[in-house]
Amino acid sequence: MLRAEELELLGDLRGASVLHLQCNAGQDSLSIAQLGADVTGVDISDEAIAFATRLSSDSGIAARFERADVYDYFVAAQARGDQHDIVFSSYGTLCWLSDLRSWARGIAQLLKPGGRFVLVEFHPFALVFDPNWRFKYDYFNDAPVVEAGVHDYVAESGLGLAPGGEHAGVKDFCNPHPSFEFAWGVGQVVTALAQAGLRIDSFVEYPYINGWKAFECMRDLGDRRLAPPEDLPRIPLMYSIAARRPPA
Ligand SMILES: C[S@@+](CC[C@H](N)C(=O)[O-])C[C@H]1O[C@@H](n2cnc3c(N)ncnc32)[C@H](O)[C@@H]1O
């Protein structure tokens with residue numbers, strides 16, 4: 001479900017051609033389509049794309065979904081001459097990408113002149129903490145951090161990430177596959193976009209996180225926004241970037 005932050009940044013979507021990168025199971029892609037856009041969602045996961053395609057057909061909300069690695073998709077889409085009004089990406093996408101420069105270049109090349117890129121992400125400063133708010137991870141990382149398998153954070157976040165209804169998830173779920181996560185600093189992200197030729201219109205940091213119960217004792221601010229406990233200093237937990245390909 002789209003949140004107020006991305007809705008405001010995306011603006012009027014009627015008639016817009018939108019490329020949704022790392023769209024996962026397509027719920028946000030279909031919400032964007034419902035607002036009048038022509039949407040293409042791309043994700044590397046077979047299962048997510050199969051779900052998204054089924055959801056589109058079951059709901060009658062039209063959208064295209066393609067299973068692809070974003071880097072391969074950029075090459076193929078550029079060869080076809082695809083151009084979009086908006087490229088969108090949100091919540092937990094950058095940590096899976098190994099090459100920020102190619103990512104930014106791919107986005108810039110698939111935008112029409114004057115087209116916009118919208119990103120809403122978890123703030124890398126928040127990701128230096130373990131779940132108990134203890135400093136654990138370097139902010140600056142040249143190599144991916146190797147972690148135990150991704151846990152069932154959707155079920156652990158309750159209604160925060162499943163507004164359609166809470167579900168228990170898989171009991172005692174234990175993912176045997178380690179994850180390799182890239183901690184891109186905000187300077188690296190902004191620089192990659194600027195060097196790809198995009199003009200940054202806004203860069204906003206938020207003192208709360210949408211939905212994801214990443215840490216202990218989060219305070220519920222309502223509207224599925226979560227903030228650190230009151231005895232902790234206010235820190236940025238999310239950020240957004242709106243950038244634009246300069247008009248021709
Ligand atoms: C946390 S999810 C994004 C959540 C999504 N914005 C949503 O609201 O549902 C991250 C997604 O990135 C996808 N992903 C990771 N690496 C990718 C890659 N190289 N190319 C395409 N998709 C990728 C994963 O399959 C996953 O669906």
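Predicted model: local features only at pLDDT ≥ 70, side-chain atom pairs only at ≥ 80, totals over all residues.
Local features need pLDDT of at least 70, side-chain atom pairs count only at pLDDT 80 or more, and totals for chains, interfaces and linings use all residues. Residues are numbered from 1 along each chain as its sequence is written, and side-chain values use heavy atoms, with hydrogens and water left out.

**Exercise 1.** Describe the surroundings of the ligand.

Step 1. Look for polar contacts, here pairs of N or O atoms within 3.5 Å. A polar side-chain atom of Asn24 sits 2.8 Å from a ligand oxygen. For Gln22, a polar side-chain atom is 3.1 Å from a ligand oxygen. Ile44 uses a polar backbone atom, 3.1 Å from a ligand nitrogen.

Step 2. Check the cover. On its own, the ligand has 600 Å² of accessible area (Shrake-Rupley method, 1.4 Å probe). The protein covers 83% of that area.

**Exercise 2.** Which strands stand at the edges of the seven-strand sheet?

Step 1. Write the order. The open sheet runs E3-E2-E1-E4-E5-E12-E8, with mixed pairing. Strands are DSSP runs of E, at least two residues, numbered from the N terminus. Two strands pair if DSSP finds at least two bridges between them.

Step 2. Read the ends. Strands E3 (64-67) and E8 (199-206) each have a single partner strand, so one side of each lacks a neighbour in the sheet.

Step 3. Inspect one pair. E1 (residues 17-21) and E4 (residues 84-90) pair in the parallel sense over three bridges. His20 has Phe88 in E4 as its bridge partner.

Definitions and conventions:
Near = heavy atom within 4 Å. Polar contact = N/O pair within 3.5 Å; in protein donor to acceptor, adjacent residues only side chain to side chain. Helix = DSSP H or I, 4+ residues; strand = E, 2+ residues; numbered from the N terminus.
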